[in-house]
Amino acid sequence: MELPQQITQSDLPPEVSICEVSPRDGLQSQSRILPATVRLELIQRLACAGLKVIEAGSFVSPRAVPQMADTRSVLDGLDVDSDLAFPVLVPNRRGLDDAVAAGAKDVAVFISVTDSFSRANLGDSLQVTTDRSLETARAATSAGLRVRGYLSMVFGDPWEGSVDPADVAAAARRLVDAGCSTICLGDTIGTATPGHVTAVLDSLIDAGIPIDRVALHTHNTYGQALANVYAALQAGVRQFDASAGGIGGCPFARSASGNLATEDLLWMLNGLGISTGVDIEAVAAISQWLSDELGTPLPSATPSAVLSR
C-alpha cells in the first residue's frame, strides 16, 4: 500500500509508543458485549500488528461494566511474561487482588481531577476516590507490578467547566509519588485544543514530572485529537493512547465521544517519519473486522482509504 510522503521534523521525537485501548476503553462503551474469546482474538490480532502495549480489560464489577466481565479468561490466553504489556484497570484493592490472582504484570489506576466526575464515575468524593486509587497504586508497586496512572477530566469537565492546569499537575504529582511509572492525561470529553495541551504539559514539567513519563489520551469530540497529539509531540511526549477504529468514549460522562483512531494516528506519525513499529494496514484490517463483530460502523475513515489503495 502507499503510505504518506515522509517529511521529518528535527524538533519531534524520532519514535513513539502507542498504548492500544480498544479491548478495554473502547469496548466498555459498546452496547454489544463481546465474549472473552473475541476480546482475546482482538488483542492477539493487535499484537501481530506490532502493538506492544495493549489494554486487556478491567477488574471491575460486571454489574457496572458488563463488557469487561471475565477479564481473567482473557489474561489466561495471553503470555503476560512476554515483552508485551497487557495492562488491566483496577479501581480498588479488590480489583488489584483479582488482577494479581489472574497473573497480571501491568495494572492501571485512575483518578479524576474534578469532584463531579469522581462522584459520577467512581461513586464517591474526589478525596475518597483519590486516596483509594493511590493506596491501590502503592500496593501494586510494592507487589512488583508496573503501574499506569490515568487522570480523567484533565482538560474540562461537563459539570464543572474549566480545569486549572495546576490542579492537574498536583494530581499527577500524587500519582508519581504513589509509584506510577506513566501518567496518562485524559481529555475525557474531547474539549482540549493544542494551546491547552501545551499549557497543561508546561504545568507538569514545572511540577518536576519528567516528560518521558507522560502519555496523552485524546478523544475526537471536536475533531482536535490529532492536533492535540502534534502539540504534545512538540513538547516531547512520546506515549499516546489510541483505539482501533476510533472505538470508545467514556460511558460515564456526557458528550464524551470516540477515542483517537489508532490508524489515524499512525497515518500522521508515518507522514512525520516517526517510528512506531506498528503496521497501519494490519490495524486498518483489524478495525474492519471489529466493526463486523460489533455490527456497527466505526468512526475512523482511514481503514477504507488504506485498504482500497
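Tutor: A residue counts as buried when its relative accessible area is under 20%. The model discussed here is predicted.

Student: How many residues of strand S5 are buried?
Tutor: Strand S5 covers residues 106–112. Its side chains point two ways, with Asp 106, Ala 108, Phe 110 and Ser 112 on one side and Val 107, Val 109 and Ile 111 on the other, and all are buried.

Student: Which residue of S5 is the bridge partner of Val 88?
Tutor: Strand S4 (residues 88–89) runs parallel to S5, and two bridges join them. The partner of Val 88 in this pairing is Val 107.

Student: Which residue of S6 is the bridge partner of Ile 111?
Tutor: S5 also pairs with strand S6 (residues 146–152), in the parallel sense and over seven bridges. Within S6, the partner of Ile 111 is Leu 151.

Student: Is Asp 70 buried, partly exposed or exposed?
Tutor: Asp 70 lies in the loop between strand S3 (57–58) and helix H3 (71–76). Buried means under 20% and exposed over 50%. At 46% relative accessibility, Asp 70 therefore counts as partly exposed.

Student: With which side chain does the side chain of Asp 70 make a polar contact?
Tutor: Beyond its neighbours within four places in sequence, Asp 70 is in contact with Ala 36 and Arg 39. The polar contact of its side chain, at 2.7 Å, is with the side chain of Ser 73.

Terms used: Residues are numbered from 1 along each chain as its sequence is written. This is a predicted model: local features need pLDDT of at least 70, side-chain atom pairs count only at pLDDT 80 or more; totals for chains, interfaces and linings use all residues. Side-chain values use heavy atoms; hydrogens and water are left out. Helices (H or I, at least four residues) and strands (E, at least two) are DSSP runs, numbered from the N terminus. Buried means under 20% relative accessible area, exposed over 50%, partly exposed in between (1.4 Å probe, protein chains only). Contact means heavy atoms within 4.5 Å. A polar contact is a pair of N or O atoms within 3.5 Å; within protein, one must be able to donate a hydrogen and the other to accept it, and residues adjacent in sequence count only if both atoms are side-chain atoms. Two strands pair if DSSP finds at least two bridges between them.
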